[in-house]
Amino acid sequence: MELIAELQAVLDSVQNKFVWEPDSKVWSRPDHWETLNDVAAVTDADGKVRGDCDQHALLCRQALRERGIPSRLLLCLTETGECHLVCEVDGWILDNRFPRVMERDLLNYKWVSISGFNPGDPWHEVIG
C-alpha cells in the first residue's frame, strides 16, 4: 500500500474512535500530558477515546508502530501560539485538527521539538 494511503488509513481509524475533549474536562486540570498507559482511563464503554492532541498523536504513533511504520512526535506552536502535538512520518503529519494527512511544510506551525523513533529516545530541539 502506498505510504500516503496507509497513513490516511491510520488517521481515519484513529479519528473514528477519537473524541476531542480538553484536559480540563477529562483530567480536571488545565494541562495533562497523556501516556499510552492513560488510554484505558479515557476510553468510554463504546470504545471512543477522549482526549486532546497528545492522546491523538500517541494513538496515531501506536497504530503506525503496529504496522511497522517508523514515526515521531512533533511538538509545535499553532498559528495562535498554543502548544500542540502531532505525529510525523517522513514529512507527513497526522493531526487531530485535520481530516487528511498533511505535508509538514504546508502547515502554519512553528516546530519546537521532535522525539526519536524508538521508545525512550531523547527529544531534540527543531532548528530552523
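## Close-up views of a predicted model

**View A. The second largest pocket and the residues around it.** The lining of the second largest pocket is made up of 13 residues, and those nearest its centre are Arg61, Arg65, Leu73, Pro119 and Gly120. The structure shown here, in this view and in those that follow, is a predicted model. The volume of the second largest pocket comes to about 180 Å³. Helix H3 contributes four residues to the lining of the second largest pocket, and this is the most that any element gives.

**View B. The salt bridge between Glu6 and Arg67.** The count of salt bridges in the model comes to three, and one of them joins the side chains of Glu6 and Arg67, with a distance of 3.5 Å from N to O. Glu6 belongs to helix H1 (residues 3-17), whereas Arg67 lies in the loop between helix H3 (53-66) and strand E3 (72-77), so the pair ties together parts that are 61 residues apart in sequence.

**View C. The salt bridge between Arg72 and Glu88.** Here the side chains of Arg72 and Glu88 meet in a salt bridge, at 3.3 Å from N to O. Arg72 is in strand E3 and Glu88 is in strand E4 (residues 83-89), and the pair, 16 residues apart, links distant parts of the chain. Arg72 counts as partly exposed because its relative accessibility is 21%, whereas Glu88, at 4% relative accessibility, counts as buried.

**View D. The salt bridge between Arg97 and Glu79.** Arg97 and Glu79 form a salt bridge in which the closest N and O atoms are 2.6 Å apart. This pair also links distant parts of the chain, 18 residues apart, with Arg97 in the loop between strand E5 (92-94) and strand E6 (102-103) and Glu79 in the loop between E3 and E4. Arg97 is partly exposed at 37% relative accessibility, and Glu79 is likewise partly exposed, with a relative accessible area of 44%.

View E. A pair of aromatic rings is described by the distance of the centres and the angle of the planes. The count of such pairs in this model comes to one. The ring centres of Tyr109 and Trp111 are 5.5 Å apart and the ring planes stand at 75°, so the pair is edge-to-face, given that planes over 60 degrees apart are classed in this way. Both Tyr109 and Trp111 are buried. The ring of Trp111 also has the charged end of Arg104 sitting over it, at 5.2 Å from the ring centre.

**View F. Strand E7 and its pairing with E3 and E8.** Which strands pair with E7, and in what sense do they run? Strand E7 (residues 110-114) pairs with E3 in the antiparallel sense, over four bridges, and Leu74 stands opposite Ile114 in E7. Strand E8 (residues 124-125) is joined to E7 by two bridges, and these strands run antiparallel as well. In this second pairing, Ser113 is found opposite Glu125 in E8. In a regular strand the side chains alternate between the two faces of the sheet.

Conventions: Residues are numbered from 1 along each chain as its sequence is written. This is a predicted model: local features need pLDDT of at least 70, side-chain atom pairs count only at pLDDT 80 or more; totals for chains, interfaces and linings use all residues. Side-chain values use heavy atoms; hydrogens and water are left out. Rings of Phe, Tyr and Trp (its six-membered ring) pair if their centres lie within 6.5 Å; planes under 30 degrees apart count as stacked, over 60 as edge-to-face and the rest as tilted. Buried means under 20% relative accessible area, exposed over 50%, partly exposed in between (1.4 Å probe, protein chains only). A charge sits over a ring if NZ of Lys or CZ of Arg is within 6 Å of the ring centre and within 35 degrees of the ring normal. A salt bridge is a side-chain nitrogen of Lys or Arg within 4 Å of a carboxyl oxygen of Asp or Glu. Two strands pair if DSSP finds at least two bridges between them. On a 1 Å grid over the protein atoms alone, a cavity is a set of points where a 1.4 Å probe fits but cannot get out, and a pocket is an open set with protein on both sides within 12 Å along at least five of seven lines; lining residues have an atom within 4 Å of a point. Grid points are joined across faces, edges and corners, and a volume is the space filled by probe spheres set on the points.
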